[in-house]
Amino acid sequence: MKRLIIFLVLWPIISYGTILEKGPITIEGYIKNETGWNMNENKFMKILNVIDLRGQFRPNDYLSFYAHINKFWDSAYGRVGEYRAAKDDMYTNEAWHGLSWVREMYVDFFSDYVDIRAGKQIVTWGAADGIRILDQVNPLDYREFTLKDWNEIKIPLWMLKVEVAPTVNGSLQFLFIPDFEPNYLATDNAPFAYTLTRNAYNAYKRLRNFGYHVVIKKEMPAETFENAKFGIRWRDVINSFEYTLNYLYGWNMSAETYSSIDMTTATGPSPLPGYPPIGSTYYFVKKYSRIHLWGFSFSKTLVSGLLQGLTIRGEFAYFKDVPMAYRLQSKTYYHKVDQYKYVIGLDKYIVTNWLFSFQFIQLINSKGSCQGQKFILPSGGTMDKVSTYLTLKIATDFFHERVKPDILILYGDDNEWRISPKVYIEIGDHVTTTIGMHIFEGDAEELYGEFDDKDEIYFQLKYSF
Amino acid sequence: MKKFLLWVCFLIFWSSLAFSATCRPPDLPESPTVEQIMKRWFDIKFTRYADDVYYTGQVVMIDKTGFKRTKKWIRRRLIMHGKKGVDYKDLVLMTYPEYTKGLAVLTWAYLDVRKQNDLWLWLPSLKKIRKISQAEEDDAFLGSEFTVEDITTRRYGYETYELLGEENFPGYTSRYDGKTYFKNTPCYKIKGIPNKKDWYYSYRIIWVDKKTGICIFDEFYDKAGRKFKIVFRYYITPEKDCWVSKIWEVYNFRTGHTDCIDIQTYKFNIGLKERHFSPRILERMEW
């Protein structure tokens, strides 16, 4: 019924058929279907229907109000048996705490020297593609891993962004973020649930089957001034060399889970030696830690000389005090380490309209282990002290840019792969479609190899208005 | 004292004349050389006669079956008059259709013809700025039959010119609006040969309106001497007001594809500043 009402409300706008611009008001949007099929297990991975609506009121050049609504339903969660169990975890108001249908809503003030944006928004830092090095302001929605455009999987936050421009090309950005949201992970039984998530759910289930109480608590930082995130970024362009210097005092967006047992609720004897009495309560408390990030990014296009047309870009980030999990005697512990992450990228058009974009990425931990135990990846495997990834993206277009194929190839030094070819087609001014695949290869304990049995072929159909 | 004040007033008046913004090019000399004609044409092409310009427009793409697609945009350009070796800075913002809305390109173009442009792209799907390499100059501009060079990069110094003579232009009937333009207009007929070897055209014949000095028509020839593409341009050139490009139309004989850039509104010398053309401005984009 709710869906019908939303549809009826939106119908006059949809049927208008084009972007509505009346004086200072602009309204536009799209409806979209995304259907994904698991090629290994022959079942749906998603049947996602999306309504997206954006509106702007711009009374003058200095002021603007903007709102963006995005509502989606994934019918695969009703159709595919095992996903049905994930539906309650992923499609309830509680689960959607950070995934509100009000995606962005802010007011802008623009002037020659100061720009202010206040409200729910997305802020992007850095120059890397497809991987987060400096870009740590907004948390991510990992419902579909990191397969979608970042704009779609970033979780917007309420914040104040002030950009002061003391020089022609130089600007200082201040971020004040009283809002907190963690990364949103796909829950157990969902197509892209991490192994660690599945293991945790299985453990809760086993404990309940034994007759224990299980309480899972999220201790999110209170939304107070003391808990706010603060960011600062200086950006300048000197002789076409662009650079940024960044600092973020934020939160680790992945939770640390600490367990404890309360035996005062016990009702019977221990079921097994070494286990607490039946009826005891297991508490699993998810906590979040403060982290510091310092970094810089740069980009430069060589506009003359032998390497003319080559763009070199890069970014580096130093993270202080990142809690890393390790396991010792079947228990999870956390140890704070420093991390260094960087990417170097090279982009060039070769043969008219073929873009080649290559990236070299390294993620380095200050320590490789704690108490002789290596740190754990979300996939359940162990993390190397230094992890190296290479990416190559090739893109072109045909038929007057109506058909745009591209391919992204990612290789990890533990012999894991992600290969994502796609073809985007503009059918007309309002209808576009995309057909693509995500192929994963590698050891099941590696970050990408974990989804080795989740090779996906997908189809998107979008009608814009 | 009075004399001094008079001098001050005169100086202020003179300087205001000297630096007042114009929106029309200076006249061509009576018997111009081919270099003078082409240099002046490129000044008109890049509106170097003004301080800044604001356009809204659309590209209509018509394939051989008659199927049309439209893309709309807003463009702001600041003429740098050679400051720091920069020719102009330019910001193009796509406004239609929805799936390209918000895409914005910031360009810094240099006077040195050997230098490529610096480009920044605002990508709505990533909500971020990307420094990008300039597309190859023979690549299609926005997917049209225009090349990047036709629209943004070809400047004086890209070609060698030869004045073939003077001739009346036979007229051109637009595939976009069906009107016939410039019938029997006296023109300079010029041959332009690209300085690049093995380029996508071997030469072009350029028809320049003798009265306005505007390049109204180009014919592109391939290595075999076959005409494969034509470009038509119509500018609004009133006696006492701003000169502005109205229609640029291209037709490719090989593909049967026509594209038309139609400028719909324009304003000159609105006081744009250099700080309006920094990457910071791209982050203002809502879309």
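**View 1. Strands 14 and 15 of chain B form an antiparallel pair.** In this predicted model, strand 14 (residues 244-252) and strand 15 of chain B are joined over 6 bridges. Strands pair if DSSP finds at least two bridges between them. Helices (H or I, at least four residues) and strands (E, at least two) are DSSP runs, numbered from the N terminus. B:Glu249 has B:Cys260 of strand 15 as its bridge partner. The hairpin of these strands has 4 residues between them, and B:Gly256 takes a positive phi near 70° there.

**View 2. Strand 15 of chain B also pairs with strand 1.** Strand 15 covers residues 257-268 of chain B, and strand 1 covers residues 52-62. Their pairing is antiparallel, over 10 bridges. Which residue of strand 15 is the bridge partner of B:Val59? B:Ile261 is.

**View 3. Residues 9-20 of chain B have pLDDT under 50.** pLDDT is the predictor's confidence in each residue, from 0 to 100. This stretch has 0 contacts beyond four places in sequence. A contact requires C-beta atoms, placed from the backbone, within 7 Å. Chain B as a whole averages a pLDDT of 90, and 93% of its residues score at least 70. For the complex, the predictor gives an ipTM of 0.87 and a pTM of 0.88.

**View 4. Chain B holds 4 helices and 15 strands.** Its radius of gyration is 20 Å, close to the 19 Å of the globule rule for 287 residues, so chain B is as compact as a globular protein of that length. The radius is taken over C-alpha atoms; the rule is 2.2 Å times the number of residues to the power 0.38. Buried residues make up 40% of chain B. Buried means 20 or more other C-beta atoms within 10 Å of the residue's own, with C-beta atoms placed from the backbone. Of the chain B contacts with a separation of 6 or more, 48% link residues 24 or more positions apart.

**View 5. Chain A holds 5 helices and 24 strands.** Its radius of gyration is 24 Å, close to the 23 Å that the globule rule gives for 465 residues, so chain A is as compact as a globular protein of that length. Of those 465 residues, 30% are buried.

**Notes on the views.** Residues are numbered from 1 along each chain as its sequence is written, while chains are lettered from A and ligands numbered from 1 in the order in which they are written. Local features need pLDDT of at least 70 and side-chain atom pairs count only at pLDDT 80 or more, but totals for chains, interfaces and linings use all residues.

Methods:
Contact = placed C-beta atoms within 7 Å. Buried ≥ 20, exposed ≤ 12 C-beta atoms within 10 Å, placed from the backbone.
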